Each structure stands twice: as C-alpha cells, then as structure tokens.
Amino acid sequence: NNILLMQILLLILRLVNVRFLYRFPDKLLVLTVATTETDGFKRFIRSARHFNYTIKGTEIVHEITEEDKVVLFIDSYDVVFASGPKELLKKFQQVGHKVVFSAENLIWPDRHLEDKHPHVREGKRFLGSGGFIGYAPNLKTMVADWTGKDNESDQLFYTKIYITPEKRKSINITLDSKCRLFQNLYGALDEVVLKFEDGRVRARNVMYDTLPVIVHGNGPTKLQINYLGNYIPQTWTFETGCTVCDEDQRLLSGLKSEYPLVVIGIFIQQPTPFVSVFFERLFNLKYPKDRLKLFIYNHEPHHEQHVHSFLEDHGTEYRGVKVIGPEEDMDSVTSRNLGFDTCRQDIDCEYFFSLDAEVVLKNTDTLRILIEQNRPIIAPMITRPGKLWTNFWGALSADGYYARSEDYVDIVQGRRVGVWNVPYISSVYLVKATVLRTDLAAEDVFHSEALDPDMAFCRNVRDQGVFMFVTNRQEFGRMLSTENYKTNHLHNDLWQLFENPLDWEERYIHENYSRIMTEDIVETPCPDVYWFPIFTDIACKHLIEEMENYGQWSGGFNVDNRIQGGYENVPTIDIHMNQIDFDKDWQKFLLDYVAPITEKMFPGYYTQALFDLAFVVRYKPDEQPSLRPHHDASTFTINIALNQVGTDFQGGGCRFLRYDCSITAPRKGWALLHPGRLTHYHEGLPTTEGVRYIAVSFVDP
C-alpha cells in the first residue's frame, strides 16, 4: 500500500509540474546558433515570433541559474515552429525525463555505434542533435566536457553520452522517438504531411499519428522544409489565404525619393514569335524610363530589325542601353553572367530584372509588384494556356530535375494564391543587387557541365541558402511556344495560329470581333449580306506585304494552272494562299473565326470551313480595276478589305445585281459574308486611284 501511495504521489507531483510549466511558458528559453541572417534564419525568427518564443544565442547558456529553467536548443536555418511554448512544455513534461533529444531513423556520423544504441519499443532509435530540450542543470552537466573544437561533431559528442548507460541515466536522457516534440525530415519524408484544420496548419507524422511542435529540415531535406514553410505556421491556410504576403513590403506608391534603378536583362536566344509585340509590352511597363537600364542580348540575326526598330523609337528614353548582337557570337551562359555583372558593377543598380523574349508580360505593373514584394529573388508566375506548364517547379526529383509538388496544380490553377518558396524559376524573375554582390558574387553562376543555364543558376542559388519565390497573387502573362517557328517569310508571326493561338488572335483579330456573338454589331447592307469586323490593321498590313514580298501575281488570264481544270472563268490578278504555304493556317482561321459567324447568320447551316480557293486580289486602275458580274463557286464567300478606301485607293466596292445594292465604302479589316451561288450575282466596282487589296475565300465549294 505504501508503494502504491508513493506512486500516486509522484504522479500528482508530475501533473502539478506539467500544469506549472504549461501555465508559465516564460520558464522556457530557446537557444540557437546563427552566424549570418539568412533567408532560413528569417523564416525561423518569423515562426518564433508568431508563437512568442524567446530566442537567445548559445553564448548565454552558462548564465542560466534557475534550477527549473527549461532550455530548448535547435538549429535555425532549416527549422520552423509549428506550435507554441505551452504545447512544447506540456509534451516535454509528459515524457518524464530531464533531457529529450530529437530522434532519427538514420544514424550519423558513426555507423559503427549502431549496436550500442538502446532499442526502443516503437519509433525512431537514433539521436539527432539538431534539437533537444531539458532542464538547465542537466544540460550544463551534459555539455561540461564539450571542448568546442572545430573538427568535433556535436552529434557524435551527444551520441557518445547517450549510448553510455551511466551518463544516460545520470543526466536522465531519452529520445523523442515518436516525434511528438521534434520532427527531423531526413529519412522521414514519407512520414510527414500537412494537416489543415480550423485555420491552422501543422505537420503530421502519419506513422505515429503525432503533431510535432518543431520541424527540422536536416541533411538533404532543405527543399522539403521550404515547402512546409510555405504553410507552417499559418503562413497560408484555406481560411485566411496568405498571411505573410504583405509583410516587409517595399511600397513604391507615394515614394518621395527616386524609384530604385533597375537593369532589365532581355534575352533573345532563338527565333521567337511576336518579338515586336514583346518590345511594345516592355515599353508599356509602368515604371519610370529614366530609372531603367536595358541590357539586350540578341543571338538571332532575324531579330536585329526588331531590336533596331525598338531602340530607334524609344532607346533614348531609357537611362542606358547595352546591346550584345549576333555578330559578337556570345553564348547564352556568358550573356546571362554578363547581365548580372552589369548590375553588380553599377553602384546605383538595386535590381536585375531578367526577361526572356518568349515571355508575354501582360501585366504592365509587373516590375512594381515584384519590387514591392521585397524578396531576394522573385518570379511572376506565367503559364502556357491550356497546360500545367509554368516558369517554376514545386519540387525536384532525386537527380535535380522537375518533380510535381502536392500543391503545384492548385497554385497554377489559382486555388491557392500567395508568394511561394520554390526550388526553381526561369524565364522572368527579379534579383536584388545585394544578393548579386554577396551570395551570388561568383562570375559564373549560370555555368554547369551537366545542367541548363537556368537549372545551374537555381542550383547555385539553393546552395547559397537564398530563397527563390514565385507569386501568383496577380495575373502576369503567359509563355510563347517557340517550337516550329520558321523565319523564311517576311512576317512569320502570321504562321503562329496553331502554335500560339492567343497571341495570334491578339495581334491579328479585330478588337470588336468578340462582340459579334453577344451584341448586335453585324450589319446587313444588302439582303443576306453580312458585314462585320474581323482583322486588325496590322493583320491587313502584314498580309498585303507578305503577298507583295512573294510578288508572283497572276496575270488575270483565263488559263490558270494553279486551279483544278486549269481554267478560270472570271480571273483576277491574285496570289493564292497555298502559294505562300498559308492554306492550312487560313483554313484554321476560317474554322475558328468565320464559321461561328456563318452559323449565327444562317441558322441550321453548319460549315467545315473547307475552301476550294482562297486568295488575295489586287485591283489597280492600270492593271485590273474591276471584275465583271459573276457567281462564286461556293456555298458562301468571305471578302475581307485589306486597306482603306479614301486613303489607299479611290472607288472599288461590290454590287449585288439582283438587289441593285452596292457597298462602296468597304472598311479596312471588315468582312463581307454572302451566299456564293444562285442568289448573289455580283461584280467588283472599278478602282479609280491607288491600289485596292481584298482577301477572298470560296467556302464549301
């Protein structure tokens, strides 16, 4: 009975002590070591402040005199707190030992000591030195023999104490074998998942069904702790979204001094569609031009005209411009290193904004947004339409290539919005000049024998402990496809309808086209003749110039070997779309943009947009000014005006004889749609001055 009473008394005392520590978390002191204020250390401090931990350096350990003081020692660069001091103290006291070390499945640094480790009934068996907690007197006894030599492993030192039964017993050491206090990630990645509940985020160990208070990305698990740190503690939750995205911002609105000076590095490495549009968007960035310097690397002779045209129009508006052209034969790696160095050596440079020509930067505030986020390296998320491709990776495979993180799809599709710590970015990103001058001071951060330049850059960044972020808080733009882009035409962007349909549409389809299906903007100048906008001015210009550049206009004779049967009843002076290899693209244009209008105007009729003839006609007073009355060999005909009456030519137009109805002022970029056979007998009215161009398609012959 006396033994039973004593056990009950000890249990009561233990419970009282638990409550005492639980109610007075100031009895806890957190010690860590940090020689530099890295991004990882800042994350550690942020999580500590979130839970009101008191953090001190290890140099004060000998100043601790309170017998009941509990000391927690942890690494800092790769650690986050998942809960507060009260929970930590409560779990520590429940263990019933004076000192508790984190535990691991893997033994390090001396595998020969494996057999000397005590066996545990369940859980991890080996000591991890990255985190331990205990009463100050016991810890002082434990470290009394520590010499602190540079070549001495602290983990080996503590391990030897732990595997010595006498010392283990006298100091009263045990391991947190089931990860109730500490979670070391090395060798345990499959055990840890995120747990979202009631506006909180925890790391859950699914093997032992525990919620560790401290998560440690020890060994080669830095990327995993970065991933978990995107959520823990309450960094992002489903209820609140991102809770830290607006912290530590560098706001530019209302800035009294000058804007930060930015060097924009523009990289044209291969034949790229819509480069002229790229430079238009660059110019439209909402940032003072006198605070921008341009570093332009162009490896493609085809794009020299685009670079020259842009600089001729706007080059003097920028603070400075440096161009590396194809004649210098500089490789991509050297050019990117040189771009960074341009910023490093400029004492006024505060940021380097790297921008590849394939990037369609739709958001004119992008540069301002990235600067205001105030991260060491940050990229705007850009995508490829209809695909899960982006300019960031959420995780890496074992060999350092792409792997999909659990949250990647949600981030790409906008179900999770925030600023995300990621292992890889490319194509467009902002780097602080201070990072270039310190952590990335090496002259060759893009070089690797085995990796692409962007992968080599990201690996060097990770190796330096610098965090890379991607933001999807706003819509920024998309990435062009450069596959199958050929440069054998005058205006090669015309041939991008298949590869880059959105960019093709923005460049070439009239801004009011989309209103046709929702508003009553289609005009009916003659019975069953429909008139609507379809081409931009630049589309008309490019198509005319492409035909004139090809130059092989027909003679307007009846004998025509280009068509089946070799005879044209009503000939025109023209060039067929298939002569410039534009027939497949033109068919897709008809199917995507003309067929929907046809089906709206002629209910019940569905077209496959097949055409027998599609061509550009040229009318000139001294060549062929008009066209005699005729029917078209089509179910319906599309006739698009490519230039402007009154400006480019006089006269012209179309007259439908049956209805005695004429259209004498055709609008540039507008299409006439009318039946071809039987009812709409028509003629081309004389062009009296200048040159008139129209694009004609006989659809569904």
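User: In what order do the seven strands of the open sheet stand, and what is the sense of their pairing?

Analyst: This is a predicted model, in which local features need pLDDT of at least 70 and side-chain atom pairs count only at pLDDT 80 or more, while totals for chains, interfaces and linings use all residues. Residues are numbered from 1 along each chain as its sequence is written, and side-chain values use heavy atoms, with hydrogens and water left out. The order is β28-β29-β37-β33-β40-β31-β30, and the pairing is antiparallel. Strands here are DSSP runs (E, at least two residues), helices are runs of H or I with at least four, and both are numbered from the N terminus. Two strands count as paired if DSSP finds at least two bridges between them.

User: Why are β28 and β30 said to stand at the edges?

Analyst: β28 (523-526) and β30 (574-576) each have a single partner strand, so one side of each has no neighbour in the sheet. From one strand to the next, the twist averages 25°; for such angles, axes are lines fitted to C-alpha atoms (for helices over the stretch in contact), and the angle between N-to-C directions runs from 0 to 180 degrees.

User: Which strands pair with β1, and over how many bridges?

Analyst: β1 pairs in the parallel sense with strand β3 (residues 70-74) over four bridges and with strand β2 (residues 55-57) over three bridges. Leu29 stands opposite Val71 in β3, whereas Leu31 has Lys56 in β2 as its bridge partner. From β1 the chain crosses through helix α2 (residues 39-50) to β2.

User: Why is that crossover called right-handed?

Analyst: The term applies if, with the strands pointing away from the viewer, the path from the first strand over the helix to the second runs clockwise. The β-α-β crossover from β1 to β2 is right-handed in this sense.

User: What makes β1 a mostly covered strand?

Analyst: A residue is buried under 20% relative accessible area, exposed over 50% and partly exposed in between (1.4 Å probe, protein chains only). Five of the five residues in β1 (residues 28-32) are buried. In a regular strand, side chains alternate between the two faces of the sheet. In β1, Leu28, Val30 and Thr32 point one way, and Leu29 and Leu31 point the other way.

User: How do you know that Cys242 and Cys245 form a disulfide, and why is it called right-handed?

Analyst: A disulfide is a pair of cysteine sulfur atoms within 2.5 Å, and the S to S distance of Cys242 and Cys245 is 2.0 Å. The torsion about their S-S bond is about 105°, so this disulfide is right-handed. Cys242, at 22% relative accessible area, is partly exposed, while Cys245, at 1%, is buried.

User: Which other cysteines are joined, and why are their disulfides called left-handed?

Analyst: The structure holds three disulfides. The sulfur atoms of Cys343 and Cys349 are 2.1 Å apart, and the torsion is about -90°, so this disulfide is left-handed. Those of Cys526 and Cys661 are 1.9 Å apart; here the torsion is about -85°, so this disulfide is left-handed too. Cys526 lies in β28 and Cys661 in strand β36 (residues 661-663), so the pair ties together parts that are 135 residues apart in sequence.

User: Are Cys526 and Cys661 buried or exposed?

Analyst: Cys526 has a relative accessible area of 3% and is buried; Cys661, at 13%, also counts as buried.
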